[in-house]
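Please read the following note beside the sequence and the model. The points are numbered so that each can be checked in turn.

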Amino acid sequence: MFCLFAEKKPQVSSVSMILSLPPRFEEKDSKPTISVHQNSVCLEDRDTLVNFSLHNAELSPLSCRGLLLNRHKDLQMTLRSLETKEGEIIQPARQDAAHINQSKLVEKILICQNQLFCISCGNRILHRHSSFHRVLPLPSENWSDYADMWFCHQHDSHGTSDNHDTADTHDHPKSKPSPSLTPKANDCLVGTTYIMIKSRHIQSGAVNSHQDELVCGRCGVCIGTSLTHKQSDQETKDIYKIYLHATTFQQTDDVSDLLTSKQSSEDRLQYYLSQLLQEESQLYTSFRFIISSTDKHNLSIKILVWLLDENIEVYQGICETTSDINQVIDIPAVLCMKLLYRCILSSSQAKPEDKASYKLWERDNSVHGISLPYSLCQQMTSLLINSTKKLPKSTRQLNGFNIS
């Protein structure tokens with residue numbers, strides 16, 4: 001088969017292209033001809049002619065440089081890209097950006113109130129009489145790590161505060177349990193990737209609980225988890241954490257857009273995760289992240305992510321080798337995010353080089369940490385690995401990291 005993979009970087013007007021050729025091109029009597037035109041690439045050999053037509057791309061054929069046939073028998077080249085019209089690029093499956101921006105989501109929930117739906121099937125999650133008197137943004141996931149260093153702004157150094165308690169906090173910072181934030185009866189607490197509400201807001205039959213996992217009562221998709229906390233010296237599970245990647249707030253009951261959408265749940269999840277990384281990168285001025293999660297059985301997932309490019313246009317076309325004399329393959333441009341990653345699924349079985357990289361990143365203040373639900377972390381790992389498998393073999397790794 002013939003395969004074309006290209007990355008267009010509009011900011012630097014450059015297109016990196018890789019052509020994967022079938023094994024028969026290596027035969028002595030084979031004399032393939034490859035020609036680059038302004039918006040297409042042609043491969044010709046004996047009785048076969050394949051024309052890859054690149055939408056929204058204008059190439060400068062005379063600018064071709066870096067021509068190389070690598071060890072995987074892929075032909076690499078770089079060309080200059082000319083300016084093209086906007087609006088002809090396939091945008092990723094969009095989910096409302098308010099799901100990512102915390103302040104916008106708070107405003108949206110105040111307007112929509114109980115209009116929360118499963119994004120996969122349109123099932124209504126909250127009962128119709130539910131309302132939130134307070135919708136409050138939560139601090140970042142690791143806010144409690146330094147809570148023992150906080151003090152009231154009216155703290156008096158002349159003895160009005162309890163100095164013994166203060167000294168004990170600094171001498172034994174781990175002796176007290178980490179504080180936790182829980183919603184009151186009519187509160188909705190908004191995190192980066194979830195909301196926390198009381199279980200009383202959930203519509204009867206809308207959600208099924210399997211141990212601590214909450215699944216949609218209609219389609220069975222995991223939409224959250226139940227939290228255990230102490231109330232009147234008894235442990236209760238009346239607080240639900242609802243994942244934002246699996247649900248959506250909207251102002252009407254009309255869920256036809258969700259049901260008729262051609263966007264797959266995988267596409268929506270990819271867009272959600274890419275938007276999350278972009279928001280966190282802009283908020284914390286960081287391009288490296290440690291994404292982590294631990295389940296109730298203490299199984300952990302850690303993903304080291306290095307954001308290389310937030311917006312590149314990717315072309316990927318495949319032509320199965322057939323007896324057709326002339327084939328034209330139209331390839332649209334897809335807007336993507338490019339990153340490096342390393343997955344550490346088990347600390348005990350992790351490779352030494354992965355452990356070393358993790359420890360190095362953990363000590364680096366420029367690396368930002370993101371905590372995700374365990375199921376979402378599993379899905380992200382699967383998405384990254386599947387994305388890598390779709391790339392040409394010569395572009396799947398860089399300096400010990402996988403490319404996605």
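**Note on side-chain contacts and backbone features**

1. D238 and K198 form a salt bridge, with 3.1 Å between the closest N and O atoms. The term salt bridge is used here for a side-chain nitrogen of Lys or Arg within 4 Å of a carboxyl oxygen of Asp or Glu. This pair links distant parts of the chain, since D238 is in strand β16 (residues 234-243) and K198 is in strand β12 (residues 194-198), 40 residues apart. K198 is buried, at a relative accessible area of 12%. Buried stands for under 20% relative accessible area, exposed for over 50%, and partly exposed for what is in between (1.4 Å probe, protein chains only). Helices (H or I, at least four residues) and strands (E, at least two) are DSSP runs, numbered from the N terminus.

2. The model is predicted: local features need pLDDT of at least 70, side-chain atom pairs count only at pLDDT 80 or more, and totals for chains, interfaces and linings use all residues. Residues are numbered from 1 along each chain as its sequence is written, and side-chain values use heavy atoms, with hydrogens and water left out.

3. How many salt bridges does the count come to? The count comes to eight salt bridges. One of them joins D253 to R124, whose closest N and O atoms are 2.8 Å apart. Here too distant parts of the chain are linked: D253 belongs to the loop between β17 (247-249) and α3 (256-260), and R124 to the loop between β9 (116-118) and β10 (134-137), 129 residues apart. D253 is partly exposed at 38% relative accessible area, whereas R124 is buried at 7%.

4. A further salt bridge is made by the side chains of R342 and D354, at 3.2 Å from N to O. R342 is in strand β21 (residues 333-344) and D354 is in helix α5, 12 residues apart, and the pair links distant parts of the chain. Both R342 and D354 are buried. Salt bridges with shared partners also join R124, R128 and D253 into one network.

5. A pair of aromatic rings is described by the distance of the centres and the angle of the planes. Rings of Phe, Tyr and Trp (its six-membered ring) pair if their centres lie within 6.5 Å; planes under 30 degrees apart count as stacked, over 60 as edge-to-face and the rest as tilted. The count by this rule is two aromatic pairs. W306 and W361 are edge-to-face, at 5.9 Å centre to centre and 75° between the planes. Because W306 lies in strand β19 (residues 300-319) and W361 in helix α5 (residues 352-362), the pair ties together parts that are 55 residues apart in sequence.

6. Is W361 buried or exposed? W361 counts as buried, at 5% relative accessibility. The ring centres of W361 and F401 are 5.8 Å apart with planes at 25°, so this pair is stacked. W361 lies in helix α5 and F401 in strand β24 (residues 401-403), so parts 40 residues apart in sequence are tied together by the pair. F401 is buried, as is W361. W306, W361 and F401 form one aromatic cluster.

7. W306 is partly exposed, with 35% relative accessible area. The charged end of R288 sits over the ring of W306, 5.3 Å from its centre. A charge sits over a ring if NZ of Lys or CZ of Arg is within 6 Å of the ring centre and within 35 degrees of the ring normal. The charged end of K241 likewise sits over the ring of Y194, 4.3 Å from its centre.

8. Phi of Q113 is near 55°; Q113 lies in the loop between α1 (102-112) and β9 and is buried, with a relative accessible area of 16%. Phi of N399 is near 50°; N399 lies in the loop between β23 (397-398) and β24 and is exposed, with a relative accessible area of 70%.
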